[in-house]
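Thanks for coming. I will take one model today and go through a few of its features in order.

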Amino acid sequence: MSAQVSASRGSVSAPPIMAIALHDGFLGGAVALLFTLPLVGFRTVEALGGLSIETRLIEVAVSVVLVALGRFALSLNRQGLSLPVLAGALIGLPVSALLPFPTMALQLISVVGCVVIGIMAGLRLYAQRSHLTQTERTQRWDRFAAHIQDATFWLGPVAIGFAILLPLMPFADRRLLDIGILILTYIMLGWGLNIIVGLAGLLDLGYVAFYAVGAYSYALLAFYFDMSFWLCLPLAGLLSAVAGLLLGFPVLRLRGDYFAIVTLGFGEIIRVILLNWYQFTGGPDGISGIPRPSFFGLAEFTRRPRGDEVAFHHMFDLDFSTLHRMIFLYYLILVLALVVNFFTIRIRRMPLGRAWEALREDDIACASLGINRVSIKLAAFSISAMWGGFAGAFFATRQGFISPESFTFLESAIILSIVVLGGMGSQVGVVVAALVLIGLPEWFRELEQYRMLAFGAGMVLIMLWRPRGLLAHRDPTIFLHKRKSAHQQLVEAQARQ
Amino acid sequence: MLKITDVHTYYGAIEALKGVDIDVHQGEIVTLIGANGAGKTTLLMTVCGRPPARFGHIWFDGVEITRRPTFEIIRLGIAQSPEGRRIFPRMTVFENLQLGALTADKSGFADSLERVYTLFPILKQRADQRGGTLSGGEQQMLSIGRALMSRPRLLLLDEPSLGLAPMIVKQIFRVVEEINRDSGVTIFMVEQNAHLSLKLAHRGYVMVNGRIELTGTGAELLANEEVRAAYLEGGRH
């Protein structure tokens, strides 16, 4: 009976798959036309005697066709025809890579579109073939993540070893080192923020404020008092920690969203002060000519040492290379980052770290255990800020130039994304997320502003597949019986549910 | 040991406690029973200073603790197993117990742990398991165990029977009695399960609408007509 009904409904009232897909495709194309015509279709160009408008109808046509094709493919895929869609995407990939597009951006969109549609079709095909439910698939991913977490036992030292050897590799050129330094800076910031967000569970949206305090501390101390980097580094950390305390006091009574909003405000306040205190900070002009770090005060990275300076390459009897300073900076940030990591791993086993985790898990229970929440919150704030300050001082010395531009809310958001997408509280997660979120866009730098697409795509993919973060597994700090692997624990927990 | 005189507690403009007097003597088990919303949990929270009493006084061992910050009150030797257990779900049983001992003297840790494991052997088996994966009864045991880790002189229990099977409730009450008898810990307990808790208690108080209406020994209250009608016969009157 019911089979008959559904059969007749299928043949009579439901339009064929192709018609729906074509309809979707045309609709998508029409919407695309509506938007691209004014946005892409006309461009103002500088001509003699003013601006004139130029039309770009080919670009409009290409984008409309792309959108229509993409919508068509997605519609087919949604209705179950994944195999032809996958085939189409596979054919489309080399075609769009080879076809001469009017602009680079359209080509990129076409290539990325093929990849995304291909992945979606592939996933759907996989889901159709396997008899697992969505929950079972999520659990399988969780187990996979737990495996990775376990692998960090040996993977961690291997990764550190690789990071140490990287600058000595023959392929380590200036660009690779630059990216390495940038990623390590964000890893350090991520680990620093992880203390307050991951361990203490306080959502800090203004972490960049401490980064800025650290950077400006060094820049201003060097500018006004001619102090060296090695003297300023601890001072920058100290000043940031003080800033953390000062900002910590007013927000102590707040929690949850309110806390987050106030920290967001503080992040902006610091930036606005830096921007407007022109006489002291140089305002929007920033501070330039920030001195580079010396080799622990023993030698300078310079070709021709002045006065009684010692040159690094003379000290070690090397040929002069500008890479030396880069390598030194690389090792400096690597050591700084590892110090933060080591600190976090240690503090988790100590009363303060445990109290932070208790605060994150349940702040009422935390109070009922006699923990002074005021002091541990302040401690989390100031320690986290101190690491941010160190990273800031490093940033200033690496760049040689800082301005409030570098410390916008976007920076806070990126650092927070690294922590959250990595899996809050997970040290390895921060590394993986920093590689994905900072490394990928940096690698695609040739694509100019479109590289932010890579950032966005990375973020969306993580949200879809691992909404609780890449490695969201909290590892116990101590075991009574025998250390169980994260994977084993997860399997047991899943079995009990 | 714990002396509460004329305590008034407010939530904003709402007066939750309207002048409560309670005495808990050294070595006793005292039960406070009452209907939902009577203010039982509020009283326990007020003892811990959150929310603080607006009027009245609370003394613990001769020290006035009214309006002192929670962590100071706890460090004087009071421990609480809060309503709804509130264990740390992502931390292991052992880590939960460690947190309980955070304010206590380090040297006593092994002893306290041994004592808790003797009272609740299941916690030893489950030591490396996450708190959130325990059953309700085990979580309650963990909550009491965690409270005991700080070696308190006064243990506050907020509805230890909440949502548990009768078998488990009996087991937990047996242990509560054991804690009181063997370690001399004074216990002040808030309960809905009037029958079992009054049987266990040396003395009891009945709270109605933010006031203490009745007091007496556990046996007296169990025999009292009003108490029987209101709390023991399940509304059959």
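How far apart are the mean positions of the positive and negative charges of chain B? For 27 positive and 26 negative charges, the mean positions are 5 Å apart. Lys and Arg count as positive and Asp and Glu as negative, while His and the chain ends are not counted. Each charge is placed at NZ of Lys, CZ of Arg, CG of Asp or CD of Glu.

Before going on, the conventions. This is a predicted model, in which local features need pLDDT of at least 70 and side-chain atom pairs count only at pLDDT 80 or more, whereas totals for chains, interfaces and linings use all residues. Residues are numbered from 1 along each chain as its sequence is written, chains are lettered from A and ligands numbered from 1 in the order in which they are written, and side-chain values use heavy atoms, with hydrogens and water left out.

Chain A gets one remark. Its domain assignment, which is of the automatic or database kind, gives domain 1 (2-132) and domain 2 (160-488). The C-alpha centres of these two domains of chain A lie 41 Å apart.

The rest is chain B. Ten helices and ten strands are found there; these are DSSP runs numbered from the N terminus, with helices being H or I of at least four residues and strands E of at least two. The radius of gyration of chain B is 17 Å, close to the 18 Å of the globule rule for 237 residues, so chain B is as compact as a globular protein of that length. That radius is taken over C-alpha atoms, and the rule is 2.2 Å times the number of residues to the power 0.38. Along the principal axes, the C-alpha atoms of chain B fill a box of roughly 45 × 40 × 30 Å.

Of the 237 residues in chain B, 57% are buried. Buried means under 20% relative accessible area, exposed over 50%, and partly exposed in between, with a 1.4 Å probe and protein chains only. As for contacts (heavy atoms within 4.5 Å), take those in chain B with a separation of 6 or more: residues 24 or more positions apart account for 66% of them.

Now some single residues. Ile78(B) is in strand S6 (residues 78-81) and, at 1% relative accessibility, counts as buried. Beyond its neighbours within four places in sequence, Ile78(B) has contacts that include Val47(B), Phe60(B), Pro152(B) and Leu154(B).

Glu28(B) lies in the loop between strand S2 (14-24) and strand S3 (29-34). Is Glu28(B) buried or exposed? Glu28(B) is buried, with a relative accessible area of 11%. Leaving aside neighbours within four places in sequence, its contacts include Asp23(B), Asn180(B), His202(B) and Arg203(B).

Last, the backbone. Most residues other than glycine have a negative phi, and most peptide bonds are trans. A cis peptide bond, with omega about 0 degrees, joins Arg50(B) and Pro51(B). Pro51(B) is in the loop between helix H1 (40-47) and strand S4 (55-60).

Asp61(B) has a positive phi, near 55 degrees. This residue, Asp61(B), sits in the loop between S4 and strand S5 (63-64) and is partly exposed at 34% relative accessibility. For Asn209(B), phi is also positive and near 55 degrees. Asn209(B) is in the loop between strand S9 (203-208) and strand S10 (211-217), and at 52% relative accessibility Asn209(B) counts as exposed.
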